[in-house]
Amino acid sequence: MSPAQPAVPEPTGRFSRRQVLAWSALAAAVPFGAALRPAPAGAESADDAYARAFAELVANHPAVRRHLTAGREFLYRPRQLLVAPADTARVLAKLRSYGYVVNEGNGFGGVRRLVFAYETDIPGVVTRLRDPHQWYGQPVPLVQPHHVAVGFGNIMGNPGGPPRVATALAPPDPARVGEGAGVTVGICDTGIWRSAGGFHPQWLGGYYAPQTDDEDPLYTGADLLALQGGHGTFVAGVVRQAAPGVRFDPEQALDASGIGDEEMLVGAIGRLSAGTAVVNLSLGYFTQDDQPPLPMVNLLAGLPQQVAVVAAAGNAGTSRPSWPAALDRVVGVAALSPGSPGPVAAPYSSRGGWVDACAIGDRTSTYVPGQLVLAGQPTRVFSGFAAWAGTSFAAAHVSGRLAALMTATGVDADTARLALLAGTAWHPDFGVLVG
């Protein structure tokens, strides 16, 4: 029997600003709606069923806990606390003085992991450790839960909606094969369908190196698709549509249900092939107290400066920052919906001053065969292509356009990022429009 636990209450370099502004025209080919008018409110019942399915998955997941206080929801791994190395010894001593049984586990991403012997209110522990009154005469330690990340796709019961059956894409335009040529985009996601290259030879075949540990498991049984099975294959197709000459490196950071964590994300980025210029993260998470996540801050600090990172802003329809999109070095991407006379704000998209760019989020792309079964909904039978809406796919488009901008101008990814963000089609809550 476990012991009772205490209650816990201007671009730099040789390029001129004129050059950068000229290059940014490549990223703004679509006219912007005059006022970024919100799309009509209301969700289809299929979206509700998708949200319920994900909520049930989270509720029943043995390695996921959900915390919700005053609308500040986040997901985390049970019994784990992440601590800055310099703070580990005194945090361990403090926790043991509270009566917790806790030991140090394997760290990652420049943080140490403390593991509690018994189920513990981790958010409550973090709140107590972040209280300055606990540390008279000392700095408050850097501590956080081990946050769970999800694909966008689904986030905290606010999904962009499930994929829809779609007809096959037309082959790539031969006139565009130079766009992105010689550039590699790293795609940290659910991985890639084992047969993606063979089934989609014109879009995916020969544009990545298949590896067993990159495979998306896709199914929950037989041909029944997991909630986000095929998400990475879809994202890869969107990147290639935006830059038909680009190569990509898929790495698994999420399972087929769209669930991962900070350790999985850091590991996936670390496995990307040498020479990867753009890192696409069509995923993200909320954090306790909306604080920047330590593992991602550390990882980004260690990346070569010329590498660009692009992340989805999330589908929560809120201004609350999602990570890693809200980090300064990352291009956070919101989603738009087609409209007249121009794109309008997608009602599901997160937005705010921390968002840098936006693009159409509803896209058709390469997908996988299988059936998606949602309670009370007709079974959706896919044969290799799908339509899907979400900031995941807006972000993937931006990653591809960054690669295309690199080949058009001969600059590195970070300079291309600065050029893209200098675009004039801009909205304060959604950032620069990338066409």
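**Close-up views of buried side chains and salt bridges**

View 1. Arg417 is buried, with a relative accessible area of 13%, in what is a predicted model throughout. The side chain of Arg417 forms a salt bridge with Asp414, and the closest N and O atoms of the two are 2.8 Å apart. Asp414 also counts as buried, at 12% relative accessibility. Because Asp414 and Arg417 are three residues apart in helix α10, about one helical turn separates them. As a general rule, an α-helix has 3.6 residues a turn, so residues three or four places apart point the same way.

**View 2. The whole of helix α10 and its start.** Helix α10, which spans residues 413-421, is mostly covered, with seven of its nine residues buried. These buried residues are Ala413, Asp414, Thr415, Ala416, Arg417, Ala419 and Leu420. At the start of the helix, a side-chain oxygen of Asp412 comes to within 3.2 Å of the backbone nitrogen of Asp414, the residue that also takes part in the salt bridge with Arg417.

View 3. Once its neighbours within four places in sequence are set aside, Val398 is in contact with Val310, Val331, Val333, Ala359, Leu420 and Val434. Among these contacts, Leu420 is one of the buried residues of α10. In soluble globular proteins, nonpolar side chains tend to be buried together.

View 4. Arg401 and Glu179 meet through their side chains in a salt bridge, at 3.0 Å from N to O. This pair links distant parts of the chain, since Arg401 belongs to helix α9 whereas Glu179 lies in the loop between β6 (164-165) and β7 (184-189), 222 residues apart. Arg401 is buried, with a relative accessible area of 14%, whereas Glu179 counts as partly exposed at 22% relative accessibility.

**View 5. Further salt bridges.** The structure holds 15 salt bridges, one of which joins the side chains of Glu73 and Arg66 at 2.4 Å, N to O. Glu73 in this pair is buried, with a relative accessible area of 11%. Elsewhere, Arg72, Asp290 and Arg320 are linked in a network of salt bridges. In general, side chains of opposite charge can pair when their charged atoms come close.

**View 6. Leu75 in strand β2.** Leu75 lies in strand β2, which runs over residues 74-83, and it is buried, with a relative accessible area of 1%. Although Leu75 and Val148 are 73 residues apart in sequence, their C-alpha atoms are 5.2 Å apart in space.

**View 7. Two buried cysteines.** Cys188 counts as buried at 0% relative accessibility, and Cys358 is likewise buried, with a relative accessible area of 0%. A disulfide is a covalent bond between the sulfur atoms of two cysteines. When a pair of cysteine sulfur atoms must lie within 2.5 Å to be counted, the number of disulfides comes to zero.

Terms used
Residues numbered from 1 in each chain as written. Predicted model: local features only at pLDDT ≥ 70, side-chain atom pairs only at ≥ 80, totals over all residues. Heavy atoms only, no water. Contact = heavy atoms within 4.5 Å. Helix = DSSP H or I, 4+ residues; strand = E, 2+ residues; numbered from the N terminus. Buried < 20%, exposed > 50% of the residue type's maximum accessible area, 1.4 Å probe, protein only. Polar contact = N/O pair within 3.5 Å; in protein donor to acceptor, adjacent residues only side chain to side chain. Salt bridge = Lys/Arg side-chain N within 4 Å of Asp/Glu carboxyl O.
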